[in-house]
Amino acid sequence: MRPGRSEPFASGKEQPFLIKDLRSLSFLLVQPQDSDGLALRSHLERIGCQVQEIWPPPQTYPDDIDIIFVMVDRVIESSQTFHWQADTPSAVLIAVIDYENPLSIDRLLHMRVNAVIGLPIRPFGILTNLLAAVNNHRREQRIRLSLERAQAKLESCRMVERAKLAIMLAEGHSEKVSYAILRQLAMTRRTTVEAISSEVLTRLGWGDGGDTTNLADLHEATRLLTAGDLSAAISVSDRSA
Amino acid sequence: MTSDQPIHIGVLFSKTGRSAVTERSMLAATEFAVEEINAGGGINGRMLCPIIRDPMGEPSAYQQMAAELISENKVRVILGCYTSSQRKAVLSVVDREAALLCYAAQYEGFEYSDNIVYFGAVPNQNSVFLAIHLLKNPAPRLYIVGSDYVWPRESGRIMGDLIQSGGGRIAGETYLDDRAGPNDFDALLKKIKKDNPDIIFNNFVGEANRKFYEAYVENSLDAGRMMVASLTTSEADIREIGASATLGHITAASYFASQSNNTNRSCLARYRALRQEEPHANMCWDAAYTQTHVVAQAMRTGDPDNLNSIRSGILGASFEAPQGLISIDPLNAHCNLWPKIGVARADGQFEIVAETEAAIRPDPYRTTYEFDDDMGVSSDAAAQATSWPRISGLRQ
């Protein structure tokens, strides 16, 4: 790293979205054509951004738009609606505002704006605010994605646990052997332990909230399900045990 | 207001302080331009009357004097400042008080204000041109030096990117504190001498630049052994440093006093005739002269007492300046300029060895600097907007 004053602040973890990448982003300004709108557009073009404008606010936004600026008070004054999926935002959202009263602040928080710029447009600070917002948005997207992955992983673990439990109850095997049976089945059928577990639970009618299966029925079902594969699975697991 | 009253404009250049050499030349150019304007009938019959203040190099004085010029002397336009910190100090005043600053020095870019027009170069103009020139040497090794503040660091960063993407290497980078004395400069030059780079990229300005060259000479270095390249060492600096120390070193600038075009030669001749002294012309002299005339031009075509009228008269305007025909970009309020490469001569003037075939558009928010394989500037969308003309052949 080049020696410089920024060093004490470097986190060293994730590469931030840097200013040199700014000109690769595409911008959409949701604003009527007036002098404020022109001032904002001019400054973004001065910075070197690719800017489009739209008015009135559309129903949806194309995926290739990275950053949306919306003149919130213009939308309200002209009785338009700003359609926005705050839970699954498709772009960084930056509000341009005239008012800072409690109602308008509430509205901005519900929209989950990533940054706010006040009117009249003052060029100083827009570039920095913009880059901070893009970085915060990207970090949030990354966290959201890893959370979704963690939830999916948790769900599949739970399924495998339940399938294992079913085999333990029906066949009287240990936890370890029950898992080995599931794994052997997965290998034989060239699929994953999760998929086999799901199949086992479906065949047994052990879906969430389903009725408790009679132990005798469970045994029979497991036997049918694993017929032909089971003895091999057990012998494998016994050898390895 | 009656139409025969003089029109006041503020002028803020330092006669003393660390960058006084250059600022005195900017003041002289401004006074000269005002004399020309008034000799030509002023602003539609009204005299242009400069109110000159000397902030002695201190940013806080620039700020305070700008505020006084606006509130007490009722000026709408201020011509002045040299360093970025002086400009930032005045910016906070003109932003608030609705006045216009015309700024005649080159700087690092990344600024725009409705209350400033920039007549000096930004890095996409001079730095790129200098890098192209330095890269004519096969794989040059550069050592980057300067004082430790925003301009040298940004300038060094940009030159480092350009040189590395063009196949050169950066041998080292050192930024000295503002208070660095002769011993610090001596130590720096000893270190560089040991490292033995092909070129020193020198971003010292004013007093520090003089100290740099003193140490350079004391360490028995010369252009034949280790060339110094600069964006700021002008004819004015060389007068202070001494032409023997700078002999053979190169500067990239939008103007050199040795330019042979008619506009420049007749301008310098008029200066001698009018002021009975030698013009210490340099890149900032040219820009200070030009901005005064551009302001007068805008005042003549619109309402000279109305800030918005003056400003819109400046944006998009052009002027036959000593450096070449310049124009002001209406979107970013910076100038289309003519970068050149000069080699310092024994007489303290520059031999111009390369120049562009067209004025270069300003791109003050340009962030990436690199060359592609054809030695053109990389072809992102913004770079295309700032297309780079071919370099004309060596004129020696």
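Modeller: Two strands pair if DSSP finds at least two bridges between them; strands (E, at least two residues) and helices (H or I, at least four) are DSSP runs, numbered from the N terminus. This is a predicted model, in which local features need pLDDT of at least 70, side-chain atom pairs count only at pLDDT 80 or more, and totals for chains, interfaces and linings use all residues. Residues are numbered from 1 along each chain as its sequence is written, while chains are lettered from A and ligands numbered from 1 in the order written.

Biologist: In what order do the 5 strands of the open sheet in chain B stand?
Modeller: The pairing in this sheet is parallel. At its edges are β2 (48–53) and β5 (116–118) of chain B, each pairing on one side only. Read across, the order in chain B is β2-β1-β3-β4-β5.

Biologist: Which residue of β2(B) is the bridge partner of Ile9(B)?
Modeller: Strand β1 (residues 7–12) of chain B runs parallel to β2(B), joined to β2(B) by 6 bridges. Ile9(B) is bridged to a residue of β2(B), namely Pro50(B).

Biologist: What angle does α11(B) make with β3(B)?
Modeller: Axes are lines fitted to C-alpha atoms (for helices over the stretch in contact), with angles from 0 to 180 degrees between N-to-C directions. Helix α3 (residues 84–97) of chain B lies across β3 (77–80), β4 (100–103) and β5, at about 160 degrees to β4(B). α11(B) packs on the sheet too, touching β1, β2, β3 and β4 of chain B. Its direction makes with that of β3(B) an angle of about 165 degrees.

Biologist: How many residues of domain 1 of chain B are in contact with domain 2 of chain B?
Modeller: An automatic or database assignment gives the bounds: domain 1 is 7–120 + 260–333 and domain 2 is 123–253 + 339–385. Their centres, taken over C-alpha atoms, are 27 Å apart. Contact means C-beta atoms, placed from the backbone, within 7 Å. Domain 2 brings 23 residues to the contact, and domain 1 brings 23.

Biologist: How many residues does chain A give to its contact with chain B?
Modeller: The contact has two sides, and chain B gives 13 residues. Chain A gives 14.

Biologist: What is the average pLDDT of chain A?
Modeller: pLDDT is the predictor's confidence in each residue, from 0 to 100. It stays under 50 over residues 1–8 of chain A and is below 50 over residues 230–241. In chain A, 80% of the residues score at least 70, and the average is 82.
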